[in-house]
Amino acid sequence: MRIKEFALSLQTINTSSKPVGILSARSLMLAVCLITGCCAANAQRGNGEFDYNDGHHEFRLGGSDGLTLTTVSFWGMGLDDVLNGTTRSDITSTGVLGIGYRYGINRFRVGLDFGFTQLSSKITKDGETAPYIKENEMDFLVLPAAEMIYLKKGLFELYGSVAVGVDVSRYSEKGLTSEGSKATLQRSEVSTNFAFHVNPIALRVGNNSIGGFLEVGLGYKGFVTAGVSMRI
């Protein structure tokens, strides 16, 4: 059908049927309202105010100070020192190195965190000057996590998180002298304990592809966690 004939047919329909004309006008107004609403929603998402990355996958790589886990471990070791009359030196800690995954569901995210830390120290007997045993502890954290976004605007995202899981710890000793070799454990000790971490406040700065995050809280990771995240 030619354009002119199509126009004439529309004119015939509009002049011969008033109800159809009213219905068409209402339909047109409804369509305009729907289109306008969709455009407004897309504009809000473009401004980052309501786009919570629903259905997006996020991968994280970061590090934590690990002070709480280190303090608890060495506090227990310090108690042994008091009872056995020994002292410790060359105390080192790697902090908590971690990787994580999140899946976005509206303003919530669920996922899993893995963490690793290594602690070591040397033990010296009372009255001696040289250490005779070196001890080493490795901790593996497995923490299912949940997060809630408080506020998201532009490149800034404010959220909080909680994680509950297990800490698999491996403790071993190495003799530094002949006496130390006789006193050390013959095999490593492995234990599994309850672990948790809570971040009441956390900040992510970045776009929907890559960004950096800073979390402040309390738990097995320590007090402060920082790193980078990638979303796909």
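In which strand is the place of Glu215? Select Glu215 and look: its place is in strand E8. Helices (H or I, at least four residues) and strands (E, at least two) are DSSP runs, numbered from the N terminus.

Before going on, note that this is a predicted model, where local features need pLDDT of at least 70 and side-chain atom pairs count only at pLDDT 80 or more, while totals for chains, interfaces and linings use all residues. Residues are numbered from 1 along each chain as its sequence is written, and side-chain values use heavy atoms, with hydrogens and water left out.

**Stop 1: Glu215**

Stay on Glu215. Because its relative accessible area is 4%, Glu215 is buried. Buried means under 20% relative accessible area, exposed over 50%, and partly exposed in between (1.4 Å probe, protein chains only).

Now show the side chains around it. Glu215 makes a side-chain polar contact with Arg60 at 3.4 Å. Another, of 3.1 Å, joins the side chains of Glu215 and Asn199. A polar contact is a pair of N or O atoms within 3.5 Å; within protein, one must be able to donate a hydrogen and the other to accept it, and residues adjacent in sequence count only if both atoms are side-chain atoms.

Not counting residues up to four places away in sequence, Glu215 touches several residues, including Glu147, Tyr159, Ile201, Phe223 and Thr225. Contact means heavy atoms within 4.5 Å.

**Stop 2: Asn199**

Select Asn199 next. Asn199 lies in strand E7. Its relative accessibility is 3%, so Asn199 counts as buried. Leaving out residues up to four places away in sequence, Asn199 touches Gly160, Ser161, Glu215, Val216 and Gly217.

**Stop 3: the largest cavity**

The structure holds two cavities of 30 Å³ or more. On a 1 Å grid over the protein atoms alone, a cavity is a set of points where a 1.4 Å probe fits but cannot get out; lining residues have an atom within 4 Å of a point. Grid points are joined across faces, edges and corners, and a volume is the space filled by probe spheres set on the points.

The largest cavity has a volume of about 210 Å³. Its lining has 23 residues, and Arg102, Asp113, Glu215, Lys221 and Thr225 lie nearest its centre. Color the strands: those that each supply at least two lining residues include E1 (57-64), E4 (108-125) and E8 (210-219). Which strand gives the most to this lining? Strand E3 does, with six residues.

By class, the lining of the largest cavity has seven nonpolar, 10 polar and six charged residues. Here Ala, Val, Leu, Ile, Met, Phe, Trp, Tyr, Cys and Pro count as nonpolar, Asp, Glu, Lys and Arg as charged, and the others, Gly among them, as polar.

**Stop 4: Ser121**

Move to Ser121, in strand E4. Is Ser121 buried or exposed? Ser121 counts as buried because its relative accessibility is 1%. Its side chain makes a polar contact of 2.8 Å with the side chain of Glu135. Select Ile133 too: its C-alpha atom is separated from that of Ser121 by 8.6 Å, and the two are 12 residues apart along the chain.

**Last stop: the whole chain**

Zoom out. The protein chain has four helices and nine strands. Along the sequence they follow the pattern α-α-β-α-β-β-β-β-β-α-β-β-β. Of the 232 residues, 32% count as buried.

Notes:
On a 1 Å grid over the protein atoms alone, a cavity is a set of points where a 1.4 Å probe fits but cannot get out, and a pocket is an open set with protein on both sides within 12 Å along at least five of seven lines; lining residues have an atom within 4 Å of a point.
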